[in-house]
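Dear colleague,

Please find the structure below, with the sequence of each chain. My notes on what was found in it follow directly after.

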Amino acid sequence: MIRASGIVVRRGGRTLVDAADLEAPVGKLTVVVGPNGAGKSALLRVLSGDVSADAGEVTMLDRPLARWRREEIARRRAVLPQGCALNFSFRVRDVVRLGRLPFPPSAADRDIAACALEDVGLSGFADRLYPNLSGGEQRRVQFARVLAQVADAAAAGSGVLLLDEPTASLDPAHGLAALHRAKALAVAGLTVLAVVRDVNLAAPFADSFVGMRDGRVMFSGPPSTSLTPDNMRLVYGVEAR
Amino acid sequence: MGAIRFCLCTVMAVCALAIAPLARAEPSPMRIVSLSGSLTEIVAELGFADRLVGVDRSSLRPPELVRRLPKVGSPRSVSIESVLAVSPTMVIAYDDMQPTETLAKLGDLGVVVILVMRRSSVESAREKVLRVAEGLGVPEKGQALVAAIDRDLAWPSGKPKPDRRLRALFIQTMGNGPLMVAGGNTAAEALMAVAEVDNAVHGFEAYRPLNPEAAAAANPDVIIILRRALERVGGEEGLAAMPGLGEPPAICEHRIVIADDSAFIGLGPTTGASVRHLREAVYGR
Amino acid sequence: MASEARAFVLLAAVVMGALVWNLFSGAFSIPLDAMVRVLGAALGVCDPAQEDRRFALVLLDVRLPRLCLACAVGATLGFSGAAMQGVLRNPLAEPGLLGTASGAALGAVAAIVLEGVLTRRHDFAPFVVPVAAFLGAVLSTAVVVAVALPSSATLLLTGIAINALAGSAIGLLISLANDEQLRSLTFWMIGSLAAANWSQCGIVVAIGAVVFRHALALDATTLGDDVAGHLGLDAVAVRGRVLAAVALAVGAGVAFVGMVGFVGLVAPHLVCLMMGARHRLVLPGSALLGAVLVLLADLAARTIAAPTELPLGILTGLLGGPFLLWLLIHVGVRGGVS
């Protein structure tokens with residue numbers, strides 16, 4: 001599970017995240033929603049350790065995040081960042097295999113990578129060159145890399161998966177498949193936290209929603225209590241129907 | 001600022017023009033700038049050392065003299081302002097000096113410019129001395145100096161020439177690269193010929209980097225090397241450790257002659273003595 | 001995998017070919033039977049013959065160490081280039097961008113011009129220039145890395161700044177040099193393998209092993225520092241260690257051999273085209289190809305104008321330039337090959 005309390009992130013005189021509290025329970029898919037610039041990604045980057053918070057505390061898998069060693073947490077937690085530029089002519093298989101880097105090399109790595117590629121619907125792409133793929137295909141390869149990294153944690157039924165816009169630049173079918181996969185991993189026992197811009201797309205899968213605006217958490221809770229017209233107006237400033 | 005400088009230059013030039021006729025009658029105010037190492041040596045040798053007011057960076061001898069003189073530029077780039085700053089009445093330079101405009105401008109400003117041809121024959125040492133002596137108004141001193149050089153250059157009378165001419169490798173520079181050696185059409189080769197020594201390497205002109213295997217193939221009887229190059233390589237021991245210089249006769253029989261920059265590259269008043277030194281070291285006569 | 005194995009066999013064969021070609025060519029011609037006898041004697045198979053003395057001298061003390069140094073320097077530049085490209089996430093990075101080469105040049109030029117001031121004792125003289133070059137290389141790289149280690153984008157810019165600074169300082173020193181110093185320093189800057197001896201050949205292999213140990217980590221850092229961090233790696237530490245190893249290796253190479261350009265840029269690219277971007281393949285592949293490039297360039301340097309030599313740095317440029325142009329055109333056609 002993930003618990004964050006009183007998180008503050010300031011960059012260049014702006015407060016990106018302002019005293020945000022968040023809790024993502026074990027075995028649930030928690031979805032963070034909100035408009036552009038709401039601080040969703042900044043908060044996720046605090047949870048993934050990319051950014052250190054100016055105030056607040058993060059507990060992950062029953063231990064303060066700061067007390068996890070980098071190589072230790074890498075075996076329990078995987079992160080799909082928003083963008084990932086790669087200019088080198090790696091084959092798709094090699095990119096996915098990088099997800100196995102935190103683990104000692106084993107004969108199973110090849111199968112895990114193949115499985116992950118199949119999960120994102122790219123099983124025939126193993127030998128293709130990554131830079132030659134379309135944007136959506138590259139995104140799915142990165143997702144497969146993350147799946148390869150959490151394969152052990154999913155089997156053990158304990159771990160964390162952080163996804164920053166997993167549906168971005170995917171067509172609706174693949175977007176749904178990605179969320180479906182995230183939900184399945186939550187059911188398998190992982191703590192899954194995803195930033196998704198499209199509330200409607202995430203609604204069928206999410207166990208819980210967190211709404212953010214201007215760096216603050218405005219609401220959180222299961223879809224039935226959180227996806228109210230009032231909350232939507234609060235976060236997006238539009239009337240929801 | 002530029003305008004002030006220009007005015008000053010003009011004033012100085014006018015002064016120089018004004019005193020120029022006096023200078024001919026009375027040699028005391030002569031102020032000389034020499035723009036090459038061997039020319040500086042000639043000026044000093046002709047007895048005008050205390051008239052020198054500036055030299056270029058290639059002037060290394062006589063050391064106690066050039067050390068205290070202002071440096072007006074590098075061999076290939078002379079600054080006209082630095083030259084004018086020491087208010088010379090006479091500038092002595094090679095005809096191929098860069099930038100060429102510098103000398104023309106100095107001439108326009110009333111400075112007497114003495115141009116000396118740069119050539120790599122032994123004859124050139126004599127020519128230079130005579131030309132500079134003439135410019136300084138002491139041709140008879142030049143004749144005497146040339147006679148002294150010729151005495152040293154000539155094979156000693158009454159002693160037989162060698163049965164077998166030895167073959168020498170002239171090393172100009174070395175560091176962590178190939179040896180830079182003298183090929184055809186160089187002053188060094190010309191001086192070797194005067195000393196009855198053959199060049200051990202053929203097939204190229206000027207100073208070129210020599211392949212170490214070619215150095216081994218040349219198998220020289222004598223190595224002539226500039227003092228600084230020998231120091232940089234770590235003396236005779238270091239020289240023998242250079243690739244390609246493993247065991248030619250020159251190394252095995254210790255026939256290593258240390259040469260002076262100014263004599264072998266520049267051709268100046270010490271050229272005669274250097275040839276004699278080479279001859280004595282190689283043939284013992 | 002089979003195609004990658006084939007590419008390696010091809011590369012290894014080309015290295016062997018280049019070695020043999022180098023072994024049989026030179027200004028000093030050695031007959032085949034003499035060469036066999038000398039090599040046999042060196043390996044202890046047969047007794048050395050007195051009449052082969054000069055052949056043995058040229059072959060064992062001039063030609064062979066030079067081949068080894070060519071391989072070592074070429075391999076160093078090759079894998080250093082590959083490591084730099086990975087660590088900086090930029091396919092156009094090369095060892096020169098860290099300021100290593102220009103720092104070495106500045107050290108050497110400063111030593112030559114200021115030698116009279118620095119050393120009064122002549123017994124140190126032979127070491128002054130290479131040691132100064134090595135120190136210059138390590139110092140300039142250390143400055144670049146210290147300023148810009150946290151971000152690979154700044155690293156490139158800092159490298160460019162240091163290169164410009166070193167270039168100006170070299171220009172200043174050149175303008176202060178006298179004739180004799182000018183000869184020495186132009187001589188140093190053109191690069192040559194002519195002074196190769198056995199003692200120089202050993203260093204690079206160990207440093208190469210350090211870089212190779214980070215091959216997988218380098219793959220991860222090409223995805224960015226954050227992703228490398230998610231995969232359990234300290235990207236900054238990896239970068240620091242790899243760059244330190246590269247600076248030492250290239251610094252030593254430049255100190256021995258002078259300026260040799262283009263190999264570090266071209267070799268990794270060609271290897272990438274042949275076998276993909278994985279550093280476990282690219283590092284050794286670039287080392288092999290770098291060795292081939294320098295062997296061929298040096299073969300040309302020592303035979304084309306015999307008995308004189310051509311500058312090695314110019315020849316690697318002549319070999320590498322067209323390769324790079326071809327590559328640029330190719331990138332336009334295929335997209336993202338690098």
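Chains A and B share no contact, and their closest C-alpha atoms are 38 Å apart; here two residues are in contact if their C-beta atoms, placed from the backbone, lie within 7 Å. This is a predicted model, in which local features need pLDDT of at least 70 and side-chain atom pairs count only at pLDDT 80 or more, while totals for chains, interfaces and linings use all residues. Residues are numbered from 1 along each chain as its sequence is written, and chains are lettered from A and ligands numbered from 1 in the order in which they are written.

**Contacts between chains**

Of the 2 pairs of chains that touch, chains B and C have the most contacts. In that pair, 37 residues of chain B meet 35 residues of chain C. On the chain B side, two or more residues come from each of β7 (167–173), β10 (207–210), α9 (212–218) and α10 (227–233) of chain B. Helices (H or I, at least four residues) and strands (E, at least two) are DSSP runs, numbered from the N terminus. The largest share of this side, 5 residues, belongs to α9(B). Sorted by class, the side of chain B that touches chain C holds 14 nonpolar, 15 polar and 8 charged residues. For these classes, Ala, Val, Leu, Ile, Met, Phe, Trp, Tyr, Cys and Pro count as nonpolar, Asp, Glu, Lys and Arg as charged, and the others, Gly among them, as polar.

The contact of chain C with chain A takes 22 residues from chain C and 22 residues from chain A. On the chain C side, α10 (215–221) and α11 (225–230) of chain C each supply at least two residues. The most, 4 residues, come from α11(C). This side of chain C has 9 nonpolar, 9 polar and 4 charged residues.

**Chain A**

Chain A contains 9 helices and 10 strands. Its radius of gyration is 18 Å, close to the 18 Å that the globule rule gives for 241 residues, so chain A is as compact as a globular protein of that length. The radius is taken over C-alpha atoms, and the globule rule is 2.2 Å times the number of residues to the power 0.38. Along the principal axes, the C-alpha atoms of chain A fill a box of roughly 50 × 40 × 35 Å.

Strands β9 (residues 208–213) and β10 (residues 216–221) of chain A run antiparallel and are joined by 5 bridges; two strands pair if DSSP finds at least two bridges between them. M212(A) has V217(A) in β10(A) as its bridge partner. The two strands form a hairpin with 2 residues between them, and D214(A) in the turn has a positive phi of about 50°.

**Chain B**

Chain B has an open sheet of 4 strands in the order β2-β1-β5-β6, with parallel pairing. Its edge strands, each pairing on one side only, are β2 (52–55) and β6 (112–116) of chain B. From one strand to the next the twist averages 20°. Strand β1 (residues 32–34) of chain B pairs with β2(B) in the parallel sense over 3 bridges, and V33(B) stands opposite G54(B) in β2(B). Helix α6 (residues 122–135) of chain B packs on the sheet and touches β5 (90–94) and β6 of chain B, its direction making about 170° with that of β6(B).

Elsewhere in this chain, the axes of α2 (residues 37–48) and α7 (residues 139–153) of chain B come within 10 Å and cross at roughly 115°. Axes are lines fitted to C-alpha atoms, for helices over the stretch in contact, and angles run from 0 to 180 degrees between N-to-C directions. The angle makes α2(B) roughly perpendicular to α7(B); angles under 35 degrees count as roughly parallel, over 145 as roughly antiparallel, 65 to 115 as roughly perpendicular and the rest as oblique. E45(B), L46(B) and G47(B) in α2(B) meet K141(B), G142(B) and L145(B) in α7(B). These residues divide into 2 nonpolar, 2 polar and 2 charged.

**Chain C**

Helices α3 (residues 53–87) and α14 (residues 279–303) of chain C pack at an angle of about 140°, with their axes 6 Å apart. That makes α3(C) oblique to α14(C). Among the contact residues are G74(C) and G78(C) of α3(C) and A287(C) and G290(C) of α14(C). By class, the contact has 16 nonpolar, 7 polar and 1 charged residues.

With kind regards
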